[in-house]
Amino acid sequence: MQIILTPTAANKVQEFMTEHGATHEAGLRVAVLPGGCSGFQYGLNIEDTPEGDDEVLDISGVKVFVDPFSAQYLEGVEIDYVSTMMGSGFSFRNPNAAGGCGCGSSFTV
């Protein structure tokens with residue numbers, strides 16, 4: 001499985017993990033959840049350890065946890081961290097998405 005975490009996103013995740021006192025085993029959970037205005041939405045969370053059936057990736061020094069359901073929708077996704085005058089946050093470029101909403105946090109397949 002391939003997920004791309006841009007250097008800016010990797011730095012921001014590491015910053016969050018340091019601020020919250022995450023352990024060496026902790027990582028970023030990247031998930032696809034039912035919901036959002038287009039059918040699916042992305043979820044990001046710092047977790048202490050992976051689940052037993054997670055795929056664990058090491059991307060730019062960040063452990064990334066992906067569950068089997070989410071993995072089918074996340075192949076090749078690029079996660080970036082962007083700052084604009086409207087705010088800042090993580091953004092997703094997903095080659096598997098057939099469409100999305102204006103806010104960029106949900107998609108269809």
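In this predicted model, the side chains of Arg29 and Asp54 form a salt bridge, with N and O 2.4 Å apart. The partners are 25 residues apart in the chain. Arg29 belongs to strand S2, whereas Asp54 sits in the loop between S3 and S4. Both ends are buried: Arg29 has a relative accessible area of 10%, and Asp54 one of 12%.

Arg93 pairs with Asp80 in another salt bridge, at 3.8 Å between the closest N and O atoms. Arg93 lies in strand S7 (residues 87-93) and Asp80 in strand S6, so the bridge ties together parts 13 residues apart in sequence. Arg93 is partly exposed at 47%. Asp80 is buried at 14%, because buried means under 20% relative accessible area. Shared partners join Arg29, Glu47 and Asp54 into one salt-bridge network.

Six salt bridges are present in the structure. One of them links Lys63 and Glu25, with an N to O distance of 3.7 Å. This pair spans 38 residues, from Lys63 in strand S5 to Glu25 in the loop between H1 and S2. Lys63 is partly exposed at 24% relative accessibility. Glu25 is also partly exposed, at 41%.

The largest nonpolar core comprises 24 residues. Ile3, Leu5, Val62, Val64, Leu74 and Ile79 have the most contacts inside this core. Elements giving two or more residues include helices H1 (7-19) and H2 (68-74), along with strands S2 (27-34) and S5 (62-66). H1 gives the most, with four residues. Beyond four places in sequence, Leu74 touches Met1, Gln2, Ile3, Val30, Ala31, Val32, Tyr42, Val66 and Asn96.

Key. Residues numbered from 1 in each chain as written. Predicted model: local features only at pLDDT ≥ 70, side-chain atom pairs only at ≥ 80, totals over all residues. Heavy atoms only, no water. Core = buried A, V, L, I, M, F, W, Y, C linked by side-chain atoms within 4.5 Å. Buried < 20%, exposed > 50% of the residue type's maximum accessible area, 1.4 Å probe, protein only. Contact = heavy atoms within 4.5 Å. Salt bridge = Lys/Arg side-chain N within 4 Å of Asp/Glu carboxyl O.
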